[in-house]
Structure formats: C-alpha cells, structure tokens
Amino acid sequence: MGFNSYAADGSAATTGTFINRIGNPFATWETTTQGNVGIDFGFAQGRGSISLDGYKKVTEDLLLDAAIPDYDGGELGDRTIVKNVGEVENIGVDVTIGYDIINTENLNWNANLSLSYVKNEVTQLNDGLTEILGQFQAPGGQGNILNFIEVGEPLGQFRGATFLGTWKTTDNIPTNDEGTPVAKPGDARYLLDENNDIVYGAIGNGTPTTTWGFNNSINYKNWDINIFLQGVHGFDVYNIQQAAIVGGARDSRSFLSPD
C-alpha cells in the first residue's frame with residue numbers, strides 16, 4: 001500500500017492509501033528438496049575432529065519480483081509482480097577440521113578450520129525463457145540493465161558490454177547500415193555482433209563459490225584471546241562507484257575483464 005494526500009473537498013488535504021502493488025493469483029510457494037550425506041570422526045585420542053558433509057538442494061517455483069512489460073502497464077519497468085520464474089540447483093560440500101593444539105592446565109589453544117564450496121546453477125526458467133533481465137540500471141542514463149538471470153549459469157550474473165580497450169587510428173573501424181563509422185579513434189571499444197552493434201551479455205558473476213573461516217581460541221589462566229580469519233572466493237565485483245564516475249561523464253564501461 002502507498003500513502004498520498006488529496007483535497008477531496010477542494011480545501012483541506014486528507015491522507016489516504018492506494019494500491020501500489022499488483023497481486024498474482026497464480027503465484028505459489030517455493031518448493032525446496034534437499035539430500036545430505038555426511039561423516040564425522042575424531043583422531044589423536046579425541047584432540048582432533050573432522051566433519052564432511054555433501055548436499056544437493058533444488059528449489060522449484062523460484063519467486064522473483066519480475067518487471068511488468070510496458071504494454072501491460074509496467075510504466076517503464078517501475079512496476080513489478082511476484083511470480084514463479086524457474087528452478088535453481090545448489091550442489092556443495094562443507095568441511096570442518098578442529099584440533100586442540102595445546103591442552104595443558106594453564107594454556108589451551110583450539111583451532112577450527114571451516115571450508116564450504118557450492119555450485120549454484122539456474123537449471124530452468126518458465127515460459128521457455130533462457131534469461132530474465134533484472135532491475136538494476138547502469139549509471140550514465142542509457143537504461144542498460146546490470147543484472148540478469150541466465151539458464152545454465154549461477155544466480156548473480158552481471159550484464160554489460162565487454163570492454164576491449166579503445167579504438168586506434170590503425171584499426172579498421174566498422175560502419176553501421178548508413179555507412180557511418182560506429183566510433184572514432186579514442187572512443188571506447190566494445191565487443192560487437194555481426195551487425196556492428198554492441199553485444200550485451202554476461203561479464204561476470206557476484207555469487208561466491210568458496211567461503212572459509214579459521215578460528216583460534218587461546219586461553220591462558222584468566223586471559224582469553226580469539227583470532228578469526230575469513231575469506232570469500234570465486235566471484236566478481238562490479239565497481240559501481242567507478243562506473244558512476246565514468247558513466248556520468250560519458251559512457252558506462254565494463255570494469256570486468258573478458259574471459
């Protein structure tokens with residue numbers, strides 16, 4: 001619901017509510033099924049332990065705030081509707097290793113290392129779609145969408161043009177249908193299709209594949225100290241601040257290197 005004020009009698013404004021969200025009677029709950037297998041064992045007379053877990057989780061009827069097309073009253077993408085869009089699969093493994101490095105009357109040192117790896121994949125999109133555009137727009141006023149969902153890839157795909165450097169005076173700059181060069185020396189050079197139009201596609205992914213943590217607890221008499229390290233790997237970062245600076249001045253470039 002939204003709130004607004006209106007002078008119904010032409011004098012004093014009265015606050016009222018209005019519907020700003022479109023319902024979807026066909027939307028259903030997400031359904032998740034998961035299978036796990038694991039093993040735990042100890043060693044060194046109980047001073048050490050290892051835990052291994054593997055899992056597969058499938059989420060069907062994935063819910064998403066999808067943009068409503070303009071011909072259905074989408075108002076240039078400002079209106080969305082919750083709908084079931086497809087299926088996502090997660091296959092992963094978790095490993096935890098713990099060990100009492102020192103275990104004496106006055107001094108104790110316990111260390112734990114945890115490692116998680118997950119492979120995320122969009123296995124299906126409804127209505128025969130292969131991709132769904134997101135709602136985040138790149139700076140620069142061009143209306144280019146930054147994120148999208150793509151079949152066969154993880155959630156969190158970045159969408160943009162692949163930056164190949166700049167056009168040089170020695171380059172053979174292609175022309176458009178009217179015979180006009182698509183750029184001039186010094187302009188940003190992007191990957192083009194057979195029609196010499198800029199190709200917008202996947203330029204990275206923001207979903208991590210690997211996370212780890214290393215925790216150390218040290219106790220000496222009445223003193224305690226805890227040291228914790230954490231890492232996240234296997235993902236890309238879209239530098240939106242740098243894109244905003246460049247985009248406001250001229251164009252919004254891809255700041256991720258092509259594969």
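Beyond its neighbours within four places in sequence, L62 is in contact with E30, K83, N84, V85, G86 and V88. The model is a predicted one, and L62 is placed in its strand β4. One of these contacts, V85, is 23 residues away from L62 in sequence, yet the two C-alpha atoms are 5.6 Å apart in space. L62 counts as buried because its relative accessibility is 16%, and the limit for that class is under 20%.

L62 and V85 also belong to the largest nonpolar core, whose seven residues include V88, V122, L125, I132 and I149 as well. Two elements, β5 (80–103) and β6 (107–125), each give two or more residues to this core. Apart from it lies another core, of five residues, including A138, F158, I203 and Y238. In soluble globular proteins, nonpolar side chains tend to be buried together.

V88, a member of the largest core, has its own set of contacts outside the four places on either side in sequence: K57, V58, T59, L62, N120, E121, V122, T123 and L155.

The second largest pocket has a volume of about 220 Å³. Its lining is made up of 17 residues, and those nearest its centre are L64, G134, N147, F148 and I149. Two or more lining residues come from each of β4 (48–67), β7 (131–133), β8 (147–150) and β9 (157–161). With six residues, β4 gives the most to this lining. Sorted by class, the lining has eleven nonpolar residues, five polar and one charged.

Technical notes:
Residues numbered from 1 in each chain as written. Predicted model: local features only at pLDDT ≥ 70, side-chain atom pairs only at ≥ 80, totals over all residues. Heavy atoms only, no water. 1 Å grid on protein atoms, 1.4 Å probe; cavity = no way out; pocket = protein on both sides within 12 Å on 5 of 7 lines; lining within 4 Å. Points joined across faces, edges and corners; volume = space filled by probe spheres on them. Helix = DSSP H or I, 4+ residues; strand = E, 2+ residues; numbered from the N terminus. Nonpolar A, V, L, I, M, F, W, Y, C, P; charged D, E, K, R; others polar. Buried < 20%, exposed > 50% of the residue type's maximum accessible area, 1.4 Å probe, protein only. Contact = heavy atoms within 4.5 Å. Core = buried A, V, L, I, M, F, W, Y, C linked by side-chain atoms within 4.5 Å.
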